[in-house]
Amino acid sequence: MNVQKTSVKLLDVQSNTENFRLEVLTGLNKEPKQLDSKWLYDEKGSSLFEKITTLPEYYLTRTELLILRRYAKEMVSFFGERAILIDLGSGSSEKVKILLDEVPDLSAYIPVDISKEFLKESATALASEYPSLKVTAVCADYTKLFDLSSFNQEGKMIVFFPGSTIGNFEPSHAEAFFKRISKMLTKGDGLLIGIDMKKDPSILNRAYNDSFGITAAFNLNVLARINRELQADFQLHQFEHYAYYNEKHERIEMHIQSLVDQVVTIDRMPILFKKGETIHTENSYKYDVTTFKTMVEKNGFKTEKVWTDPDSFFSVHYLTL
Ligand code: AVJ
């Protein structure tokens with residue numbers, strides 16, 4: 001047996017269950033009902049999302065990987081020497097490996113994710129693949145501000161935010177996110193960010209309604225999580241996945257729709273559902289290059305370079321403070 005010793009430190013900067021209870025109860029008592037999409041990513045949700053990224057209809061991950069592979073050399077040439085690479089929502093780390101393979105001299109790699117178990121596993125696996133790399137995993141909600149001052153800085157801080165996760169934020173929250181990141185960084189530091197582009201709605205609709213039903217399972221899994229963690233009694237077969245492109249708001253909306261009139265109990269509190277009523281579980285905003293540039297520039301960043309695929313389905317932007 002080959003047991004690897006690794007040097008992964010884990011910093012846990014959140015108290016998850018209390019936030020979850022409060023946000024679920026608040027969100028489901030709203031009109032219309034809603035849940036923040038970050039709650040989709042428990043261990044099961046994270047692994048279902050990994051499956052989504054390999055689906056034929058879900059062009060996003062595949063296309064971003066293609067852009068990263070093709071332009072990694074040029075991307076890392078912006079990082080300079082001894083950079084600290086902060087990977088927000090690191091997931092399986094497949095994307096960052098493309099960059100790591102091109103930067104020989106990082107002073108640290110900091111994967112950040114809200115899903116603790118998943119983070120621990122993937123950070124440990126990565127550390128054993130890159131034995132000379134200093135890896136410190138941070139379990140945090142990166143929609144909030146967190147402290148990076150303990151990482152003493154030799155080179156630039158580079159924040160890597162792939163996957164069009166920024167698309168989950170309301171435009172006003174995306175702006176707040178840029179402001180917050182800019183407070184964590186100093187002049188000359190960088191932000192490498194992946195964005196899904198506006199395109200033919202039928203392509204978008206297919207990407208969020210895959211024929212294997214994995215996206216549906218991913219969406220409905222949040223109900224199973226609420227059942228398990230908050231003593232609730234959702235009957236999953238009484239609900240259905242519903243996702244569509246909202247042209248006016250330029251976003252995919254993902255909902256969970258109630259198939260009948262019903263009452264669900266969460267921690268002894270009754271929640272009423274009308275037949276057809278939905279819980280809005282995710283927005284996935286789509287951008288074009290110009291709109292995105294304008295937004296980042298309004299919030300302190302300068303666009304240094306934009307890379308895209310031949311169909312302009314996806315883009316990766318390098319921004320500096
Ligand atoms: C991880 C936020 C980029 O919006 O495409 C995939 C999540 N939701 N299928 C996306 C997701 C449904 C995904 N992001």
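View 1. Helices (H or I, at least four residues) and strands (E, at least two) are DSSP runs, numbered from the N terminus. This is a predicted model, in which local features need pLDDT of at least 70 and side-chain atom pairs count only at pLDDT 80 or more, whereas totals for chains, interfaces and linings use all residues. Residues are numbered from 1 along each chain as its sequence is written. Strand S7 (residues 190-196) pairs with S14 in the antiparallel sense over seven bridges, where two strands pair if DSSP finds at least two bridges between them. In this pairing Asp-196 stands opposite Phe-314 in S14. S13 also pairs with S14 in the antiparallel sense, over six bridges.

**View 2. Val-316 within strand S14.** Val-316 is found in strand S14 (residues 314-320), and Trp-307 stands opposite Val-316. Is Val-316 buried or exposed? Val-316 counts as buried because it has 23 C-beta neighbours inside 10 Å. Not counting residues up to four places away in sequence, Val-316 touches Glu-64, Ile-67, Leu-68, Leu-192, Gly-194 and Trp-307, a contact being two residues whose C-beta atoms, placed from the backbone, lie within 7 Å. Val-316 and Tyr-245 are 71 residues apart in sequence and 22 Å apart in space, C-alpha to C-alpha.

**View 3. The hairpin of S13 and S14, with Ser-312.** Five residues lie between the strands of this hairpin, and Ser-312 takes a positive phi near 55 degrees there. Ser-312, in the loop between strand S13 (302-308) and S14, is partly exposed, with 13 other C-beta atoms within 10 Å. Most residues other than glycine have a negative phi, and most peptide bonds are trans.

**View 4. The nonpolar cores.** The largest nonpolar core has 62 residues, of which Leu-85, Ile-86, Ile-158, Val-159, Phe-160, Leu-191 and Leu-192 touch the most other members; such a core is a set of buried Ala, Val, Leu, Ile, Met, Phe, Trp, Tyr and Cys residues joined through C-beta atoms within 7 Å. Helix H3 (residues 59-77) gives the most to this core, with six residues. Apart from this core lies another, of 20 residues, among them Val-24, Ala-216, Phe-239 and Ile-279. Leaving aside neighbours within four places in sequence, Leu-191 is in contact with Val-159, Phe-161, Ile-181, Phe-301 and Leu-319.

**View 5. Ala-72 in helix H3.** Ala-72 lies in helix H3 and is partly exposed, with 19 other C-beta atoms within 10 Å. Not counting residues up to four places away in sequence, Ala-72 touches Ile-98, Leu-99 and Glu-102.

View 6. Strand S9 (residues 251-258) and strand S12 (residues 278-285) run antiparallel and are joined by seven bridges, with Met-254 opposite Glu-282 in S12. In the loop between H8 and S8, Gln-231 has a positive phi near 50 degrees.

**View 7. The residues around the ligand.** The shell is made of Ile-52, Leu-60, Gly-163, Ser-164, Thr-165, Gly-167, Asn-168, Tyr-208, Thr-215, Met-254, Glu-282 and Ser-284, where a residue is near a molecule or strand if its C-beta atom, placed from the backbone, lies within 6 Å of it. These residues divide into four nonpolar, seven polar and one charged; Ala, Val, Leu, Ile, Met, Phe, Trp, Tyr, Cys and Pro count as nonpolar, Asp, Glu, Lys and Arg as charged, and the others, Gly among them, as polar.

How values were computed:
Buried ≥ 20, exposed ≤ 12 C-beta atoms within 10 Å, placed from the backbone.
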